[in-house]
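Work through the exercises below with the sequence and the model open. Each task is followed by a solution in steps.

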Amino acid sequence: MASPKTSRSVVPASVPKINPTAVVIFGATGDLTQRKIIPALYHLRLHNRLPEHFVIIGFARRPYGEKEFRMLLKQALEDFSHTHPIDQEVWHWLEKNIYYLQGDLANPEDYIKLARLLETLPEAKYYRANHLFYLATAPKYFPVVAENLAKAGLNPQAGELEQRRLIVEKPFGTDLNSARELNAILQKYFPEKSIYRIDHYLGKETVQNLLYFRFGNSIFEPLWDRKYIDHIQITVAETQTIGSRGEYYDAAGASRDMLQNHLMQLFSLIAMEPPASLEAESIRDEKVKVLKSVPIPSAEEWIHNSVRAQYGPGILGGKTVKAYREEDKVSRKSLTETYVCVKLEVDNWRWSGVPFYLRTGKALAKQFSEICIVFNRPPCVLFANSTKKVARNWLKIRIQPNEGIHLLFNTKVPNQPALEEAKMDFYYRKYGGHYFPEAYERLLLDALAGESTLFTRSDEVEYAWKIIDALRNAWNEEDCDAIPLYAPGSMGPVEADELLRRDGRYWGPPPKEEEDIGNGES
Ligand code: BG6
């Protein structure tokens, strides 16, 4: 048996032990399995994180045999692995542990076959009832899979020592009611502690670092409140258009696809109080408190404090981009937003009066996710003669790409009685030569270990929906028959700039080069 390459990675002492497990992937021939799950499992093995006794069962409709399924996954690994070349020894180890079961998600009989397969594989004596069920299917199948697993006796059973867990992909519901219903159905068969709701942003190293950075330094946290902070900006900007995802996206829009989940996660991690421990429930409790502290604006306030827009036709990166409404499987009259920007308040002692501006959009000028903490302007009496106002200090946390942290501050210009802006830069990639795992690697590892901090709890999902539902209801009430358009390759609609300008603020400029991250203040 090939042994994994221990020399390539450092396994910290705190990494939890993973028990022998059988992972069952529903929707095993789909995009997610190929792009994310298989590359993640390969890298976990490469870095010596998987147990010796480990099985992957693909469950899907296509009439594949084991051989074809393995070939599909091998090609997927070649195409989507974030490291190359593929280590053949590691792949062979993985490959021989891969099985395929042709099955219909809606047919209870096929789950009986699955139960039988799980019992009879040679590795079964090691993994016993340690099962990880991964719902990599369309969301409409989530309830039926949970129910059929239970019918086949594959949900957690009383007194069992092993663990049966369920990973649920996003989107989790389409509004508060549907999320509640889905929670109720899943929880009927699987206790909350065995449900792992994925928001892959939580698996990103830089997102995990938000907690470590805030609470592991004594120089930032004391300033992290309304006394010192003027406002906070959270941007997730994407250059890609919606491509072939028209059917899903036209029903979702940026508010459901990105704001309700990824941006809300960044928002609660930035705004939360220090948790009592790094344990899942402590952290999740604090995140939920943030969401609960957001006063839900009236419809009128929402309209005033939000912007939605759609990309029109144009040029992006030298290529012609068709208007969103011309995309495949998108209604020609669609009012779905491909860009959303909102201003939120957190009405608690730490944040009262500090606005949080959140924006995200497709077909924008730059691909970057960033959180900017913008501090109050210092009193200017000392520099009253200067022609420029003293710049605010900005702390920029770059989630991706060029992951890093940048501090913008003022300093004296040598040989002149004047101030100018300087910056201190930290780039992850220039530091330490650490391996940067993909989000799904970390999430799968944690789900295998039963560690739920990086997954969304049921109440968290529901509180986030409450905010987004109110926003969408306000938009619906507005009953308009047009939506502002923005040019592909721009940074979104002018209305989003206006939203800050009327508060005397402006968006931090998109990054140009790695080294060019000034705050744009002139
Ligand atoms: C997904 C959204 O959840 O996140 C996509 O459905 C989006 O629309 C993607 O493109 C962004 O993820 P990342 O990791 O590329 O920032």
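**Exercise 1.** Leaving aside its neighbours within four places in sequence, which residues is His262 in contact with?

Solution. The model is predicted: local features need pLDDT of at least 70, side-chain atom pairs count only at pLDDT 80 or more, and totals for chains, interfaces and linings use all residues. Residues are numbered from 1 along each chain as its sequence is written, and side-chain values use heavy atoms, with hydrogens and water left out.

Step 1. Contact means heavy atoms within 4.5 Å. With neighbours within four places in sequence set aside, the partners of His262 are Lys170, Asp199, His200, Tyr201 and Asp257.

Step 2. His262 sits in helix H9, residues 246-271 (helices, H or I, of at least four residues and strands, E, of at least two are DSSP runs numbered from the N terminus).

Step 3. The relative accessible area of His262 is 2%, so the residue is buried (buried is under 20% relative accessible area, exposed over 50%, partly exposed in between, with a 1.4 Å probe and protein chains only).

Step 4. The unreviewed UniProt entry places its "active site" annotation on His262; UniProt positions follow the numbering used here, feature names are shortened, and annotations may be inferred rather than shown by experiment.

**Exercise 2.** State which elements give two or more residues to the lining of the largest cavity.

Solution. Step 1. A cavity is a set of points, on a 1 Å grid over the protein atoms alone, where a 1.4 Å probe fits but cannot get out; lining residues have an atom within 4 Å of a point. Grid points are joined across faces, edges and corners, and a volume is the space filled by probe spheres set on the points.

Step 1. There are 2 cavities of 30 Å³ or more, and the largest has a volume of about 180 Å³.

Step 2. Its lining has 20 residues, with Asp199, Gln260, Asn261, Thr456 and Val461 nearest the centre. H9 gives the most, with 5 residues.

**Exercise 3.** Is Thr453 buried or exposed?

Solution. Step 1. Thr453 is found in the loop between helix H12 (439-449) and H13.

Step 1. Its relative accessibility is 12%, and therefore Thr453 counts as buried.

Step 2. Apart from neighbours within four places in sequence, Thr453 is in contact with Leu278, Glu279, Ala280 and Ile283.

Notes
On a 1 Å grid over the protein atoms alone, a cavity is a set of points where a 1.4 Å probe fits but cannot get out, and a pocket is an open set with protein on both sides within 12 Å along at least five of seven lines; lining residues have an atom within 4 Å of a point.
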